[in-house]
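Colleague: Please take me through the aromatic contacts of this model, with the criteria behind each label.

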Amino acid sequence: MSRPYHFPHRRFASFPPCLALLLGAAIVAGHAAPAHAADPPNVVMIISDDQAWTDYSFMGHEVIQTPRLDRLARESATFTRGYVPSSLCRPSLMTMITGLYPHQNGITGNDPPKGTDRNLMLKHVKAAECLPELLAKKGYVSLQTGKWWEGAPSLGGFTSAMTHGDTSRGGRHGDLGLKIGREGMQPIYDFIDGRDGKPFLLWYAPFLPHTPHNPPERLFNKYKDKVDSPHVARYYAMCEWFDETCGQLLDYLDEKKLSDNTIVLYVTDNGWIQNPQGRNYAPRSKRSQYDGGLRTPIMVRWPGKIKPVMDRQTLVSSIDLVPTILAACDVESKTDLPGLNLLPVCQGEASPRDTIYGEILEHDVADIDDPSASLQWRWCIEGDWKLIAPHGGGKVELYNLAKDPHEKNNLAGEMPDLVARLTKKLNAWWTPK
């Protein structure tokens, strides 16, 4: 694969060399060397594409093997009750770039209204304060690989990219960037090697384990006799293939002695439950209001700064990634971000939040300026209780996730007072038109 394209109009000054690791005063030509701040941490975001929250060894899956992500989980503050606000990839991914809910950043669906130029939707990414451009103010360079729906990645502040985003050349959701992982990791290695010592942000959002489910034959053969469906076997093999690429990336950080000063964050854009009868997803997963589409493990690894722990209680969201990264990198945003800086929680403090929220929207945007027009459901989780409220009328759903993690027993009719209280919370969070 070719080296990633570097946008010529984005230039950054070299970051000064770090002397913070020297103990005591260094004497140079008889004078004390000036003190410098510690090197800012590098940031690596690993984003799985279409994978259920259950589908990892460390999450208890009995068949799928994910040894490299298992190791990352052991080395991280791993939140097993992580969520994305929306179970559709484009709006979900943009919560990780903007730190805003879809109805706040205006990015609500994958494709524009029928007959509308998709370039008209790019005004939202242009208007937002995006993570790469915020980090650029601190001297960071950045690389986009894999999924990207927002035209040229430079619109989000990336200084380098695999994706071109040009709709006249087939740009939609990643184009050339979708080769990462499936065809090797060399563009990432080239970027890391060619950054001239500058701190970096890496966006690794490969088209994995997303369809087409065409894993290496060795991995398909590993799973084909363990399950009854070849479609399920191929999906399982894709999960392990993705795991292997994550291992290659993490190994390269080790090889270059970058791991100790690199924050690695892991999340999935949305869930996927494989249809055993075909190549598509089963109900109650992708695009749904259920945990099969919304829940994901979220991991944060920062050696020496974050204590590894498997946290099975704290509710966290993909909107927390941006404020966490900005806090770690000592960068401020002018935007009033709704998420949490997770660093104190990762270090053992109790979360100040007891409820998380989300919204399920149409695949095709109904109105590029009105998020309410695309809304199907709002949802919230308080402790073990999850409320799902349909937009425009319909059946309200209430589940106890501790007793009913796969949301089979709707308790809304039995607990009207709890439904009313959680509905009030939802309306305080966002009251759509």
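Modeller: A residue is called buried under 20% relative accessible area, exposed over 50% and partly exposed in between, with a 1.4 Å probe and protein chains only. The model is predicted, so local features need pLDDT of at least 70 and side-chain atom pairs count only at pLDDT 80 or more, while totals for chains, interfaces and linings use all residues. Residues are numbered from 1 along each chain as its sequence is written, and side-chain values use heavy atoms, with hydrogens and water left out.

Colleague: Why is tyrosine 236 called buried?

Modeller: Its relative accessible area is 14%, and the limit is under 20%. Tyrosine 235, at 1%, is buried as well.

Colleague: What makes tyrosine 56 and tyrosine 266 an edge-to-face pair?

Modeller: Rings of Phe, Tyr and Trp (its six-membered ring) pair if their centres lie within 6.5 Å; planes under 30 degrees apart are stacked, over 60 edge-to-face and the rest tilted. This rule gives 16 aromatic pairs. For tyrosine 56 and tyrosine 266 the centres are 6.0 Å apart and the planes at 85°, hence edge-to-face. Tyrosine 56 lies in the loop between β4 (42–48) and α1 (67–75) and tyrosine 266 in strand β9 (residues 262–268), so the pair ties together parts 210 residues apart in sequence. Helices (H or I, at least four residues) and strands (E, at least two) are DSSP runs, numbered from the N terminus.

Colleague: Why is the pair of tyrosine 235 and tyrosine 236 called tilted?

Modeller: Their ring centres are 6.0 Å apart and their planes at 55°, so the pair is tilted.
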